[in-house]
Every structure is written in C-alpha cells, then in structure tokens.
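Subject: Structure for you to look at

Hello,

Here is the structure I promised to pass on. Please open it and keep it on screen while you read my notes below.

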Amino acid sequence: MASFDGKVKFEDLEGGLWLLLTSDGQRLQLSGGDAGLRKDGLHVTVKGRLAEDMMSIGMTGPILEVESWKSK
C-alpha cells in the first residue's frame with residue numbers, strides 16, 4: 001500500500017469523477033473512499049494501491065483504490 005498527499009478535485013466528465021492531484025504532479029482517479037473524501041479542494045493524505053489492471057472512461061490517470069484517508 002502506498003501513501004499520496006495532495007488535493008481532491010472534481011472533474012465534470014462523463015457524469016463526473018474525483019481526482020487526487022498529488023504534491024508531485026500526478027493525477028490519480030479516486031476509486032472508493034467515503035463521501036467525506038469527495039470535497040473539491042480538500043487537502044488529504046490517501047493510502048491505497050494503484051490499480052494496474054483497471055481502466056476508466058475518465059482517462060485522467062492511474063486509478064487509486066482508496067484504503068484509507070485523512071484530511072490535512
């Protein structure tokens with residue numbers, strides 16, 4: 001399991017999707033987590049795994065399967 005710091009962002013694409021814009025410039029599509037994580041502009045640390053075996057219509061970057069998160 002990896003840890004990522006960044007800011008949550010909502011993108012209105014194909015019904016909407018949630019991203020984590022990491023402090024090192026990555027764009028990770030969030031999968032999982034609870035409603036508290038889905039707040040545009042929220043600064044968080046997310047723990048999870050990058051899903052190498054998944055694709056999304058969003059095509060915004062790798063999918064991050066959220067195991068846990070906390071706000072900063």
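Val-66 is buried, with a relative accessible area of 14%. That puts Val-66 under the 20% cut-off for buried residues. Keep in mind that this is a predicted model. Val-66 sits in strand 5. What does Val-66 touch, once its neighbours within four places in sequence are left aside? The contacts are Leu-30, Ser-31, Gly-32, Gly-33, Leu-37, Val-46 and Lys-47. Gly-36 is 30 residues away from Val-66 along the chain, and their C-alpha atoms are separated by 13 Å.

**The chain as a whole**

Now step back. The chain has 5 strands and 0 helices. Read from the N terminus, the order of elements is β-β-β-β-β. The radius of gyration is 11 Å, close to the 11 Å that the globule rule gives for 72 residues, so the chain is as compact as a globular protein of that length. Along its principal axes, the C-alpha trace spans about 30 × 25 × 25 Å.

How much of the chain is buried? Buried residues make up 31% of the 72 residues. The accessible surface comes to about 4500 Å². Carbon and sulfur atoms account for 50% of that surface.

Contacts also reach across the sequence. Take the contacts between residues at least 6 apart in sequence. Of these, 51% join residues at least 24 apart.

Start with Gly-48, in strand 4. Its relative accessible area is 0%, so Gly-48 is buried. Leave aside neighbours within four places in sequence, and Gly-48 is in contact with Met-1, Ala-2, Leu-64, Glu-65 and Glu-67. Gly-32 is 16 residues from Gly-48 in sequence. In space, the two are 9.7 Å apart, C-alpha to C-alpha.

Ala-51 lies in strand 4. Is Ala-51 buried or exposed? Ala-51 is buried, at a relative accessible area of 7%. With neighbours within four places set aside, Ala-51 is in contact with Ile-63 and Glu-65. Val-8 is 43 residues from Ala-51 in sequence, and the C-alpha distance between them is 18 Å.

Thr-22 belongs to strand 2, which covers residues 17-22. Thr-22 has 9% relative accessibility, so it counts as buried. Not counting residues up to four places away in sequence, Thr-22 touches Phe-4, Asp-5, Gly-6 and Leu-28. Ser-68 is 46 residues from Thr-22 in sequence and 16 Å away in space, C-alpha to C-alpha.

**Charges and salt bridges**

The chain carries 9 positive and 11 negative charges. The mean positions of the two groups are 7 Å apart. The cut-off here is a side-chain nitrogen of Lys or Arg within 4 Å of a carboxyl oxygen of Asp or Glu.

- Lys-72 pairs with Asp-5, with the closest N and O atoms 3.7 Å apart. Lys-72 lies in the segment after strand 5 (63-71) and Asp-5 in strand 1 (residues 2-11), so this pair ties together parts that are 67 residues apart in sequence. Lys-72 is exposed, at 65% relative accessibility. Asp-5 is partly exposed, at 31%.
- Glu-11 pairs with Arg-27, and here the closest N and O atoms are 2.9 Å apart. Glu-11 is in strand 1 and Arg-27 in strand 3 (residues 27-31), so the bridge ties together parts 16 residues apart in sequence. Arg-27 counts as partly exposed, at 34% relative accessibility.
- Glu-65 meets Arg-49 in a salt bridge of 2.7 Å, N to O. This pair links distant parts of the chain, with Glu-65 in strand 5 and Arg-49 in strand 4 (residues 43-51), 16 residues apart. Arg-49 is partly exposed, with a relative accessible area of 39%.

Look again at Glu-65. Besides its bridge to Arg-49, Glu-65 is among the contacts of Gly-48 and is also in contact with Ala-51.

Best wishes

Key:
Residues are numbered from 1 along each chain as its sequence is written. This is a predicted model: local features need pLDDT of at least 70, side-chain atom pairs count only at pLDDT 80 or more; totals for chains, interfaces and linings use all residues. Side-chain values use heavy atoms; hydrogens and water are left out. Helices (H or I, at least four residues) and strands (E, at least two) are DSSP runs, numbered from the N terminus. Buried means under 20% relative accessible area, exposed over 50%, partly exposed in between (1.4 Å probe, protein chains only). The radius of gyration is taken over C-alpha atoms; the globule rule is 2.2 Å times the number of residues to the power 0.38. Contact means heavy atoms within 4.5 Å. Accessible areas come from the Shrake-Rupley method with a 1.4 Å probe; for residues, only the protein chains shown count as cover. Lys and Arg count as positive and Asp and Glu as negative; His and the chain ends are not counted. The place of a charge is taken as NZ of Lys, CZ of Arg, CG of Asp or CD of Glu.
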